[in-house]
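Grab a pencil and work through these exercises on helix packing and pockets. Try each task yourself before you read its solution.

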Amino acid sequence: MAAADNQAAPRANSGDFADQLAWRRLTARHADRLTEIIDAHGWPTADRFGTDAARGAWLVAQHADRQLEVQRRALRLMERAVADGLASPRELAFLTDRTLVNDGHEQIYGTQIAGVRDGAPVPWPCRDPERMDQRRAEVGIPPFDEYVAQFA
């Protein structure tokens, strides 16, 4: 699922509505499958399923934007896994922000980009923005300016 997601990701923001629809259908199928996996096995941690599977589960949850209950459930499970040392705090930060933004709240780590203004990426509103880079550092994410420079 992660490989298919990575291959199809450019379609998410395509100007072609058929591409956008294909992306939505793919992420919905993947979110449904992730739900089945979680129901059967719990959160796929690297110690039980391998690093690729754990990262893939996170990626599928990250892109389950139209199935917020799947995202919220994954977030709760990842929070427990991180507390137990079994999941990545960095990935949890991205999923936290994504879920908050999708729920209409301010993000915490500034990982979600609202758009581009004057050639510069602009994050969705963030709680306590003057401490954003400090929070990012705590979970292994580079400072915002450094992070977005890699996409320029």
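**Exercise 1: the second largest pocket**

Task: Into how many nonpolar, polar and charged residues does the lining of the second largest pocket divide?

Solution. Step 1: sort the lining residues of the second largest pocket by class, and you get 9 nonpolar, 1 polar and 1 charged. Here Ala, Val, Leu, Ile, Met, Phe, Trp, Tyr, Cys and Pro count as nonpolar, Asp, Glu, Lys and Arg as charged, and the others, Gly among them, as polar.

Before going on, a word on the model: it is predicted, so local features need pLDDT of at least 70 and side-chain atom pairs count only at pLDDT 80 or more, while totals for chains, interfaces and linings use all residues. Residues are numbered from 1 along each chain as its sequence is written, and side-chain values use heavy atoms, with hydrogens and water left out.

Step 1: find the residues. The lining includes Met-1, Leu-34, Phe-49, Asp-52 and Gly-56. (A pocket is an open set of points on a 1 Å grid over the protein atoms alone, where a 1.4 Å probe fits, with protein on both sides within 12 Å along at least five of seven lines; lining residues have an atom within 4 Å of a point.)

Step 2: look at the elements. H2 and H4 are the ones that give two or more residues to this lining, and H4 has the largest share, with 5 residues. (Helices, H or I with at least four residues, and strands, E with at least two, are DSSP runs numbered from the N terminus.)

**Exercise 2: the largest pocket**

Task: Which element gives the most to the lining of the largest pocket?

Solution. Step 1: the largest pocket has a volume of about 1100 Å³. Step 2: 36 residues line the largest pocket, and the closest to its centre are Asn-13, His-63, Arg-98, Gln-112 and Ile-113. Step 3: H6 gives the most to this lining, with 5 residues. Step 4: by class, the lining of the largest pocket divides into 20 nonpolar, 9 polar and 7 charged residues.

**Exercise 3: H5 against H6**

Task: At what angle do H5 and H6 pack?

Solution. Step 1: H5 (residues 68-83) and H6 (residues 89-102) pack at about 150°, with axes 10 Å apart. Axes are lines fitted to C-alpha atoms, for helices over the stretch in contact, and angles run from 0 to 180 degrees between N-to-C directions.

Step 1: that angle makes H5 roughly antiparallel to H6. (Under 35 degrees is roughly parallel, over 145 roughly antiparallel, 65 to 115 roughly perpendicular, and the rest oblique.)

Step 2: the crossing of H5 and H6 is left-handed, meaning the near helix is turned anticlockwise from the far one by less than a right angle; clockwise would be right-handed.

Step 3: among the residues that meet are Leu-68 and Leu-75 in H5 and Leu-92 and Leu-95 in H6. (Contact means heavy atoms within 4.5 Å.) The contact of H5 with H6 has 8 nonpolar, 4 polar and 4 charged residues.

**Exercise 4: H2 against H4**

Task: Is the crossing of H2 and H4 left-handed or right-handed?

Solution. Step 1: the axes of H2 and H4 come within 9 Å and cross at roughly 125°, so H2 is oblique to H4. Step 2: H2 passes H4 in a left-handed crossing. Step 3: His-30, Ala-31 and Leu-34 of H2 make the contact with Ala-57, Val-60 and Ala-61 of H4.

Terms used
Points joined across faces, edges and corners; volume = space filled by probe spheres on them.
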